[in-house]
Amino acid sequence: MLAEDTIIMGKRALTRSYAKINLTLDVLSRRENGYHDIKMIMQTVSLFDLIIIDKAAGGISISTNLRYLPCGEKNIAYKAADAFFKEAGIRGGVKIMIHKNIPVAAGLAGGSGNCAAALAAMNMLYNRPLSDERLMSLGASLGADVPYCFNGGTQMAEGVGEILSPLPKMPDAYILLVKPPINVSTGTIYEEIDNAPIAARPDTDAMIAALKNGDIYSVADNLCNVMESVTEKRYPIIAGIKQKMIMNGALNAVMSGSGPTVFGIFDNFEKAKKSADSFSLQFKDVFLTKTLNNAR
């Protein structure tokens with residue numbers, strides 16, 4: 001875990017946490033405890049946050065480049081550090097600086113990625129007191145997407161996100177991310193989806209076959225997210241972004257996670273760049289990225 005993307009320099013660790021997109025996302029059922037069983041295929045893209053971790057004599061402090069991001073106990077990196085010290089039985093402290101590039105509350109697992117990166121980097125910084133299995137279990141207790149974020153790449157997640165199956169890597173492609181200026185509550189979307197009519201569900205087998213064949217056009221054809229119809233109903237701008245991306249030459253476009261970020265798959269850089277420039281005239285959070293495999 002966290003191999004080439006983490007650098008240890010004495011009492012300091014520098015690492016990256018990457019954004020993810022959902023090629024497919026299906027919500028299967030609701031458990032008695034309120035959590036949902038899901039089945040989804042996730043893919044890492046090249047947009048990342050930079051995280052700097054320094055050992056300290058005691059306590060946990062978080063700082064970020066975003067004034068509105070909580071830096072206390074509500075920050076998931078704080079929770080990760082606290083959980084790590086307790087699980088490892090270490091009496092120590094840490095200072096964590098997070099330079100955010102991934103939009104917050106965007107359906108891109110920005111927070112989950114920060115959590116996984118902090119756990120793995122701290123484990124390296126403190127001479128690996130926890131096994132990969134214990135780290136994975138600890139991450140799962142902090143967030144559904146955290147286990148995936150340890151290794152990234154192309155994986156299928158089942159259960160509540162903790163059951164992972166590596167898949168053939170997604171063919172290289174340009175991925176355009178556009179986040180409209182709205183905030184979506186993941187919990188609210190999950191609550192509404194229980195009673196929402198689902199017009200189409202992902203064909204997971206077809207997506208896996210497309211990945212095995214290295215067929216980017218079939219991958220694009222099989223993009224599907226059941227949460228999209230629920231979030232789109234609240235925020236019609238999402239449908240508008242999708243339509244514009246496709247008009248701009250995307251092979252297909254779909255919402256990631258519970259939203260509101262929309263991503264489009266492009267097989268041509270010039271088309272992707274032209275589309276990104278067009279969206280940049282309207283939105284702040286526009287990122288032209290690429291597929292990234294074996295991020296960890």
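Here are some notes on a few places worth a look in this predicted model.

1. **Before you start.** Residue numbers count from 1 along each chain as its sequence is written, and side-chain values use heavy atoms, leaving out hydrogens and water. As this is a predicted model, local features need pLDDT of at least 70 and side-chain atom pairs count only at pLDDT 80 or more, while totals for chains, interfaces and linings use all residues.

2. Begin with S17, which lies in strand β2, residues 12–30. Strands here are DSSP runs of E with at least two residues, helices are runs of H or I with at least four, and both are numbered from the N terminus. S17 counts as buried because its relative accessibility is 0%; buried means under 20% relative accessible area, exposed over 50%, and partly exposed in between, with a 1.4 Å probe and protein chains only. The side chain of S17 makes a polar contact of 2.7 Å with that of N114. Such a contact is a pair of N or O atoms within 3.5 Å; within protein, one must be able to donate a hydrogen and the other to accept it, and residues adjacent in sequence count only if both atoms are side-chain atoms.

3. Next, find helix α5 (residues 186–193) and helix α8 (residues 227–234), whose axes are 10 Å apart and meet at an angle of about 110°. That angle makes α5 roughly perpendicular to α8, a label for angles of 65 to 115 degrees. The axes are lines fitted to C-alpha atoms over the stretch in contact, and angles run from 0 to 180 degrees between N-to-C directions. On the α5 side, T188, I189, Y190, E192 and I193 meet M227, V230, T231 and R234 of α8, where contact means heavy atoms within 4.5 Å.

4. **Positive phi at two residues.** Most residues other than glycine have a negative phi, and most peptide bonds are trans. A105 is not a glycine, yet has a positive phi of about 50°. You will find A105 in the loop between β5 (93–99) and α2 (110–125), partly exposed at a relative accessible area of 41%. N127, also not a glycine, has a positive phi of about 65°. N127 sits in the loop between α2 and α3 (132–140) and is exposed, with a relative accessible area of 69%.

5. **A cis peptide bond.** Finally, look at the bond from G259 to P260, which is cis with omega near 5°. P260 belongs to the loop between β10 (252–255) and β11 (262–266).

How values were computed. Parallel < 35°, antiparallel > 145°, perpendicular 65-115°, else oblique.
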